[in-house]
Amino acid sequence: MRIADIEVINLHFSYPNRQGFCYAGGIVTSRVTSLVRVIADNGMIGLGAGYSHPDLVRVIIEKQFKPFLLGADPLEIEALWEKMYQLTRWYGRKGVAMSSLGALDIAFWDLRGKSLGQPVYKLLGGKRSAVPAYASGLFWQTDVCQLEKEAARHRNRGFRRVKMRLGHSEAYDRAAVEAARRGVGVDGDVIVDGSHRYTLEVAERMGKFLAAQKAFWFEEPFPPEDLDSYVALRPRISVPLAAGENDFGVQGFRELLRARAVDIVQPDACRAGGITECVRIGQMAAKANLRVAPHTWSDAVALTANAHIAAALPNAITVEVDQTGNPFIEELLVEPLQIKDGLLHLSESPGLGIELNMETVKRLTMPPGQSMPDGNYSDLFFGVDSWSVPPPYQTTET
């Protein structure tokens, strides 16, 4: 088998009236992701996904990687990973270079599974075909009672676990967590994302409050660069501390582990370097007695890849499922994601076990050369008017 062609497909959509959800980064208007198709000379197609600046993903994959990969054996995954890493080491190691590398790595694993007639998780040594999954949503509301209702809806749709975004104000955050707890029930789990908004002192107070609320974990109370605050906070609170969606590669996660900064690491295959690198990260975490909870905030291809990783890692505990009305999650696949009794069920079909809904792809594809429309894309901002600076965080103590 040889690589005959590589395609990048950038997808874009806007929420109705460009009013998606509100959080510390402002009102999200739109979403974007990048899909990759690796076409082999025998007609097989491997699917991958990368989540970064879509124009840069296209340039790196189509202009830099593609000439080096055409004619190569896509089943030699580890060798191709090393080649791509070396090609981008000078400007890469993190960010869009690793996300682009990871998109291709996911597609290579899909091809390996299809060629061998096995699902990816089995090729990785996994024994389980279903992994715990949580509903990711519960953004800022003017009335926290809406969060209670939303959490209850997710429970009714088959989720046991929900994740919410805080960082509004200390009074709001506490009321919001209590509302989410009521909605998910005493036998459900509430995950809290601090959106990088806390000082060490506030995070310690919130951590103790979250422990009393039996929060499942406390995610990113600080920016990823503020490693010292994570290190200082962890021994002061009993609720598990989580981070990693903004880290890349083994070298990035090694710093988290060396510093003993977190209890749970959150690599994302479409950001951190693909399936190959996320498995390495998970194994490294296992040696440090840490758990893994892959992050996903882009599309169903990336989510499926992360679920295969979680199914293969004994220390993986759950995967994230965007519940904001994102068609990249809900409409991208011919067979929708199967979530029942809190578990995401993987297909036993070879590779990733998924097929793109080409009607959805065609409807949401951005033509090559078209600039990104201005807007707030949750993690990306295009156009000066889309940039939003949150108000100062209001605490209950001075």
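Colleague: Is R165 buried or exposed in this structure?

Modeller: The model is predicted, and every value here is computed from it. R165 has a relative accessibility of 7%, so it counts as buried, the cut-off for that class being under 20%.

Colleague: What does R165 form a salt bridge with?

Modeller: The general idea comes before the case. Side chains of opposite charge can pair when their charged atoms come close. Here R165 forms a salt bridge with E320, and their closest N and O atoms are 3.5 Å apart. R165 belongs to strand β7 and E320 to strand β13, so the pair links distant parts of the chain, 155 residues apart.

Colleague: Why does K163 count as buried?

Modeller: K163 counts as buried because its relative accessibility is 0%. E320 is classed as buried because its value is likewise 0%.

Colleague: Which residues are linked in a network of salt bridges?

Modeller: The network consists of K163, R165, E219 and E320. The structure as a whole holds 23 salt bridges.

Colleague: How many residues apart are K208 and E204 in helix α7?

Modeller: They are four residues apart, about one turn of the helix, and both lie in α7 (residues 200-212). K208 counts as partly exposed because its relative accessibility is 49%.

Colleague: Let us return to R165. Where does its charged end sit?

Modeller: The charged end of R165 sits over the ring of W297, 4.8 Å from the ring centre. R280 has its charged end over the ring of W81, with a distance of 4.8 Å to the centre.

Colleague: How should I read the geometry of two rings?

Modeller: A pair of aromatic rings is described by the distance of the centres and the angle of the planes. A search of the whole structure finds 16 aromatic pairs. In the pair of F139 and W297, the ring centres are 6.0 Å apart and the planes meet at 45 degrees, so the pair is tilted. F139 is in the loop between β6 (130-136) and α5 (145-156), while W297 is in the loop between β12 (291-292) and α12 (300-312); the pair links distant parts of the chain, 158 residues apart.

Colleague: Are F139 and W297 buried or exposed?

Modeller: F139 counts as buried because its relative accessibility is 7%. W297 is buried as well, because its value is 3%. Both residues belong to a cluster linked by ring pairs, together with F13, Y15, F21, Y23 and F328.

Colleague: Which residues touch the most other members of the largest nonpolar core?

Modeller: They are L104, M164 and F218, in a core of 122 residues. Helix α3 (residues 95-116) supplies the largest share of this core, ten residues. A second, separate core has eight residues, including I191, A242, A293 and I317.

Colleague: What is M164 in contact with, leaving aside its neighbours within four places in sequence?

Modeller: Its contacts are G137, L138, L147, A176, V177, A180, V190, I191, V192 and D193. One of these, I191, was named above as a member of the second core.

Technical notes:
Residues are numbered from 1 along each chain as its sequence is written. This is a predicted model: local features need pLDDT of at least 70, side-chain atom pairs count only at pLDDT 80 or more; totals for chains, interfaces and linings use all residues. Side-chain values use heavy atoms; hydrogens and water are left out. A nonpolar core is a set of buried Ala, Val, Leu, Ile, Met, Phe, Trp, Tyr and Cys residues joined through side-chain atoms within 4.5 Å. Buried means under 20% relative accessible area, exposed over 50%, partly exposed in between (1.4 Å probe, protein chains only). Helices (H or I, at least four residues) and strands (E, at least two) are DSSP runs, numbered from the N terminus. Contact means heavy atoms within 4.5 Å. A salt bridge is a side-chain nitrogen of Lys or Arg within 4 Å of a carboxyl oxygen of Asp or Glu. Rings of Phe, Tyr and Trp (its six-membered ring) pair if their centres lie within 6.5 Å; planes under 30 degrees apart count as stacked, over 60 as edge-to-face and the rest as tilted. A charge sits over a ring if NZ of Lys or CZ of Arg is within 6 Å of the ring centre and within 35 degrees of the ring normal.
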